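This report looks at pairs of aromatic rings. A pair of aromatic rings is described by the distance of the centres and the angle of the planes.

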Amino acid sequence: MEKIFFFVVCVNGMVFPIFAPWGIVLNVVDCLYMNKNMIKNVVFDLGGVVVDWSPERLLATYAGDKELPIALFEKGFFQQYWSEFDRGTITQVEMVSAMGDFAGRTYAECWDFVEFIKHSLDNLPATCELIEELSGRGFRLFCLSNMSVEYYDYLKDRKVFSFFEGHIISALEHVIKPEAGIYQILFDRYHLLPGETLFIDDLIANIEAARALGIQTVHFTDRIAAVEKIRELTKQSPVF
């Protein structure tokens, strides 16, 4: 006569009493813990993932004096000032003024350059299609981006943003990636578990910070390969 075993399994704070033969017990436990680590939440960076952004593309398409962006990149303006723009500690007006002083250019030229960057942020069709697909399959979707208030206000009414349950924007939170605090805001505000969350970003520093917190990741470099990797990792629809 086959023995019947009794086990109590706790997953995500829920208690499951099990009366069953040993083989069935093992199958049930495997299913429960598989569900615990199932991807239920997908978090997208914006620039370079959802909208098109890269320094190389910027230099190739900017119609003004290309010596301006070249000098800004080479002399470290973006590392020194743009991070504070993304953090929300300075406005676009203040950042453009600093750019003019830094590069020895007029305020008007620098303003036009910053506006050019903003208006060059076209949607990446493959990512936007994927986001709509994942939303239709029941995944909880979020964006988490280093971005200024001005740039976010320009983008936020696009259709793709309607699929995000929450928007974590650095300038509104006054904390930027790869600082751990911005990921913790996401967890706390929307009650997410790191092991059930997939984070997509084009910068390795942000990916490494997410991994250190136990988040599953896709480094979005090769766009075609990255979209296929996300599809592979999310082929099982979530169970809540």
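In this predicted model, ring pairs join Phe 73, Phe 77, Phe 78, Tyr 81, Trp 82, Phe 85, Phe 102 and Tyr 151 into a cluster. Rings of Phe, Tyr and Trp (its six-membered ring) pair if their centres lie within 6.5 Å; planes under 30 degrees apart count as stacked, over 60 as edge-to-face and the rest as tilted. Searching the whole structure gives 17 aromatic pairs. One of them, Tyr 107 with Trp 111, is stacked. Both residues belong to helix α6 (residues 107–119) and are four residues apart, which means about one helical turn separates them.

The pair of Phe 142 and Tyr 190 is tilted. Phe 142 is in strand β4 (residues 140–145) and Tyr 190 in helix α10 (residues 180–190), so this pair ties together parts 48 residues apart in sequence. Helices (H or I, at least four residues) and strands (E, at least two) are DSSP runs, numbered from the N terminus.

| Pair | Centre to centre | Angle between planes |
|---|---|---|
| Tyr 107 and Trp 111 | 6.1 Å | 20 degrees |
| Phe 142 and Tyr 190 | 4.9 Å | 50 degrees |

Are these residues buried or exposed? Buried means under 20% relative accessible area, exposed over 50%, and partly exposed in between (1.4 Å probe, protein chains only). Tyr 107 is partly exposed at 38%, and Trp 111 is partly exposed at 28%. Phe 142 is buried at 0%, and Tyr 190 is buried at 16%.

Residues are numbered from 1 along each chain as its sequence is written, and side-chain values use heavy atoms, leaving out hydrogens and water. Local features need pLDDT of at least 70, side-chain atom pairs count only at pLDDT 80 or more, and totals for chains, interfaces and linings use all residues.
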